[in-house]
Amino acid sequence: MSNEKLWDTPLNYGLRACASPTAKYKAAQGWDRYITVKSNGGLNQMRTGISDMVAVAHIMNATLVIPQLDKRSFWQDTSTFSDIFDELHFITSLQNDVRIIKELPRELESLPRARKHFTSWSGMGYYEDMKRLWEEFQVIHVAKSDSRLANNDLPLDIQRLRCRTLYHALRFSPLIESLGKKLVERLRSRGGGYIALHLRYEKDMLSFTGCTYGLTQAESEELRLMRENTNHWKVKKINSTEQREEGFCPLTPKEAAIFLQALGYSPSTVIYIAAGEIYGGKSHLVELTSRFPNIVFKETLATPEELKAFSKHASQTAAIDYIISTESDVFIPSYSGNMARAVEGHRRFLGHRKTITPDRKELVKLFDKLQSGQLKGGSSFSHIVQEMHKNRQGAPRKRRGPLPGVKGRARFRTEESFYENPYPECICRSKRANLK
């Protein structure tokens with residue numbers, strides 16, 4: 001692959017972001033009905049959940065109270081909404097869509113509330129039916145915010161409202177935005193383009209997925225005990241070999257290095273590691289750093305003083321990673337988690353910036369053949385990897401539907417997320433474009 005193709009994003013798609021409302025759109029008028037929300041999960045799970053809740057408030061013609069953030073997840077982050085997001089911007093930028101207030105009016109605090117776990121991936125009919133709650137209650141409390149709206153078959157204006165919320169209204173706080181942009185400039189000053197590698201090799205990820213390939217017996221046992229002792233992780237017994245062979249494990253740092261080499265990136269490439277603390281630290285990173293010495297972490301890019309304000313706030317440091325990943329020349333996720341999907345969708349919205357999604361299931365087969373000597377590294381191996389990924393680089397395409405044979409509500413879980421690929425609702429094509 002030529003050096004030019006390694007970095008370039010084609011500009012001839014004939015597409016543009018389009019999140020503006022249609023002529024028929026009307027703002028919600030629910031001045032005397034209120035929805036309070038408890039967001040759940042990590043940063044990006046909360047971000048997409050909040051975007052869903054804005055749309056739900058519009059559908060149900062209600063006022064939305066600024067959501068409470070998850071303080072009980074694995075990260076134990078005490079950040080409030082205004083610590084992570086620009087609260088005033090969020091309220092004012094959506095004022096023509098939904099009325100948003102900072103707190104529930106004092107006179108309503110003692111009133112009984114309808115407490116709801118809205119059904120995941122629900123459509124318009126479900127929320128139209130939920131309006132009956134207003135007959136008895138003035139306040140509805142939503143206990144979980146993630147994945148409460150369907151990916152497909154929603155009105156165009158509701159889908160575009162989700163995009164306006166996620167890509168415009170949910171701007172990070174000035175402190176986070178400022179440092180994020182500063183670090184992007186520092187990366188660019190190192191010699192042009194950079195790759196953001198979302199290396200999901202943190203302790204919680206490996207424990208949750210049961211992925212222990214390449215780890216010592218002691219490390220594997222530590223992860224098993226962590227999974228066993230984490231109550232809200234329902235699956236306790238996991239076959240690590242099967243997980244890996246099915247492509248359900250994140251790439252290891254060594255596998256990520258081999259993948260990057262096979263794609264044709266040179267050892268001098270600047271690679272920003274968007275991640276929390278890597279499990280095993282330097283001992284597990286050596287295979288990556290030896291091949292690509294220009295590896296950069298936020299801790300080496302920013303000064304201790306700059307990072308001090310964000311210490312012990314995982315969601316705020318994740319927001320910095322998000323900014324750097326979204327602005328990167330190439331984004332490569334080692335695992336298809338919430339951040340990977342959110343960044344990919346945002347990059348599509350911004351002009352289908354290059355995002356290379358590893359085919360982990362097929363790559364594992366190649367890595368194992370390399371390990372056993374059935375395959376040799378070099379140009380032939382690189383050619384196989386590059387051919388395998390020529391259609392996995394973020395080019396425009398419609399969202400994937402459910403997996404074949406999956407029936408009932410389970411099919412929604414297998415669909416591609418709206419936030420991973422907001423085409424075609426929030427990405428318009430010109431008449432001259434010939435997109436299949």
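**Reading the views.** Buried means under 20% relative accessible area, exposed means over 50%, and partly exposed is in between, using a 1.4 Å probe and protein chains only. You are looking at a predicted model, in which local features need pLDDT of at least 70 and side-chain atom pairs count only at pLDDT 80 or more, while totals for chains, interfaces and linings use all residues. Residues are numbered from 1 along each chain as its sequence is written, and side-chain values use heavy atoms, with hydrogens and water left out.

**View 1. Confidence along the chain.** The average pLDDT of the chain is 92, and 95% of the residues score at least 70; pLDDT is the predictor's confidence in each residue, from 0 to 100. Residues 7-11 are a stretch to treat with care, with pLDDT staying under 50. For these residues the model has 13 contacts beyond four places in sequence, a contact being heavy atoms within 4.5 Å. Where pLDDT is low, predicted coordinates should not be read in detail.

View 2. Helices (H or I, at least four residues) and strands (E, at least two) are DSSP runs numbered from the N terminus, and two strands pair if DSSP finds at least two bridges between them.

View 3. Strand 8 (residues 271-273) pairs with strand 9 over two bridges in the parallel sense. In this pair, Tyr272 stands opposite Val296 in strand 9.

**View 4. Cys18 is joined to Cys428 by a disulfide.** A disulfide is counted here when a pair of cysteine sulfur atoms lies within 2.5 Å, and a search of the whole structure finds three. For Cys18 and Cys428, the S to S distance is 1.8 Å. The torsion about their S-S bond is about 100 degrees, so this disulfide is right-handed. The link reaches between distant parts of the chain, 410 residues apart: Cys18 sits in the loop between strand 1 (15-17) and strand 2, and Cys428 in strand 11 (residues 427-429). Cys18 and Cys428 are buried.

**View 5. Cys163 and Cys426 form another disulfide.** Their sulfur atoms are 2.1 Å apart, and with 100 degrees about the S-S bond this link is right-handed. The pair connects distant parts of the chain, with Cys163 in helix 6 (residues 156-169) and Cys426 in the loop between helix 19 (410-413) and strand 11, 263 residues apart. Cys163 counts as buried at 1% relative accessibility, and Cys426 counts as buried at 0%.

**View 6. The link of Cys211 and Cys249 is left-handed.** The sulfur atoms of this disulfide are 2.0 Å apart, with -90 degrees about the S-S bond. Cys211 lies in the loop between helix 8 (203-209) and helix 9 (217-229), and Cys249 in the loop between helix 10 (240-245) and helix 11 (253-263), so the pair ties together parts that are 38 residues apart in sequence. Cys211 and Cys249 are buried. Counting bonded cysteines along the chain, the disulfides follow the pattern 1-6, 2-5, 3-4.

**View 7. Tyr423 and Pro424 are joined by a cis peptide bond.** Omega for this bond is about 15 degrees. Look for Pro424 in the loop between helix 19 and strand 11. Most residues other than glycine have a negative phi, and most peptide bonds are trans.

**View 8. Asn61 and Ser147, two residues with positive phi.** Asn61 has phi near 55 degrees and is placed in the loop between helix 2 (43-59) and strand 3 (63-65). With a relative accessible area of 25%, Asn61 is partly exposed. Ser147, also not a glycine, has a phi of about 55 degrees and is found in the loop between strand 6 and helix 6. Ser147 counts as partly exposed at 28% relative accessibility.
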